[in-house]
Amino acid sequence: MSVLVYVENVGGKFKKSAFEVTSYSKALADKLNTSLVAISIGEVDAESLKSLGKYGASKVLHVADGKLKSFINQAYASVIAQAVQREKANTLVMSNSFSGKGLAPRVAVKLKAALADGAVELPTIEGNKLAVKKTAFSGKAFATVELAADTKIISLNANSYPLTEAETAVNVENFAPEIKESDCRAVVKEIVRATDKISLPEAERVVSGGRGMKGPENWGMIEELANVLGAATACSKPVSDADWRPHEEHVGQTGIAISPNLYIAVGISGAIQHLAGVSS
């Protein structure tokens, strides 16, 4: 038995969240007295794959099938489920990212696994059960979920676990799972990324503005503060609805869920209510 961690890449590169979830998985594997195996899907170079050993992965399964060059939810779920079965892993960990939120339930159904999404701490081990602390009610509260199935899946919130180096000799293996045509019916043809901006889901610091800013012409002070702090910029729903700011900056219960260590709200009426979906 082992712990398997699915590590996302963006454009063939691993971001901070990938190393966070690997660090978390290594600590969990140590608590379970087992080894950590990582799986990466897509075109990632050998050095990047080996870098996962720095955070405790002893083996990396690399899936480089051309059909999976872009993210396909159903196909990726099938590949990850096959990796769990191949490695006889009893615990699967992944990031609670946009894609992770779609993958985790699908994999859980395929494996008849117990799922805890939005974890914020290492679980407590109680015999064959894991007690996982997670966010609830759009980040306004915490809950403890008990996973009792033979196979368990945990998705980790961004910025919830520190990067922890655990240098390990790593072996990279090519993994060629069965990919059915039925899993590739819905294909993402294009992904447009704002490469010059800090990703909101991964941001450790966020500066957000609301209608109190009076208009888009006053947003310079928000952007200047964010630049000084190395933070991402965000906004409330009324601001994005009024087209003062792009919709991809809308955070909160009806927007992007974020988990920064520092959140500054400027000109947002009822800022406490706005924090729904903003967990820390």
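Reader: In which sense do strand β11 and β12 pair?
Author: Strand β11 covers residues 205-209, and four bridges join this strand to β12. Two strands pair if DSSP finds at least two bridges between them. Helices (H or I, at least four residues) and strands (E, at least two) are DSSP runs, numbered from the N terminus. The sense of the β11 and β12 pairing is parallel.

Reader: What pLDDT do local features need in this predicted model?
Author: Residues are numbered from 1 along each chain as its sequence is written, and side-chain values use heavy atoms, with hydrogens and water left out. This is a predicted model, in which totals for chains, interfaces and linings use all residues, side-chain atom pairs count only at pLDDT 80 or more, and local features need pLDDT of at least 70.

Reader: Which residue of β12 stands opposite Ser208?
Author: Val207 stands opposite Thr233 in β12. For Ser208, the residue opposite in β12 is Ala234.

Reader: What is the strand order of the open sheet?
Author: The sheet has three strands with parallel pairing. Its edge strands, each pairing on one side only, are β12 (232-235) and β13 (262-266). Neighbouring strands are turned against each other by 25 degrees on average, direction ignored. The order is β12-β11-β13.

Reader: At about what angle does helix α5 run to β11?
Author: Helix α5 (residues 220-229) lies across β11, β12 and β13. Axes are lines fitted to C-alpha atoms, for helices over the stretch in contact (heavy atoms within 4.5 Å). Angles run from 0 to 180 degrees between N-to-C directions. The angle of α5 to β11 is about 175 degrees.

Reader: How are α3 and α4 oriented to each other?
Author: Helix α3 (residues 73-87) and helix α4 (residues 98-111) have axes 9 Å apart and pack at an angle of about 50 degrees. Angles under 35 degrees count as roughly parallel, over 145 as roughly antiparallel, 65 to 115 as roughly perpendicular and the rest as oblique. The two helices, α3 and α4, are therefore oblique.

Reader: Which residues does Gln74 touch, leaving aside those up to four places away in sequence?
Author: Gln74 is found in helix α3 and counts as partly exposed, at 22% relative accessibility. The C-alpha atom of Gln74 is separated by 21 Å from that of Asn90, 16 residues apart along the chain. With residues up to four places away in sequence not counted, Gln74 touches Arg106, Lys110 and Asp183.

Reader: What is the relative accessible area of Ser25?
Author: Ser25 has its place in helix α1 (residues 16-31). Not counting residues up to four places away in sequence, Ser25 touches Val3, Val5, Leu36 and Val93. Ser25 is buried, and its relative accessible area is 0%.

Reader: How far apart are the C-alpha atoms of Ser259 and Asn157?
Author: Ser259 lies in the loop between α6 (237-241) and β13. Ser259 is buried, with a relative accessible area of 8%. Along the chain, Ser259 and Asn157 are 102 residues apart, while their C-alpha atoms are separated by 7.3 Å.

Definitions and conventions: Buried means under 20% relative accessible area, exposed over 50%, partly exposed in between (1.4 Å probe, protein chains only).
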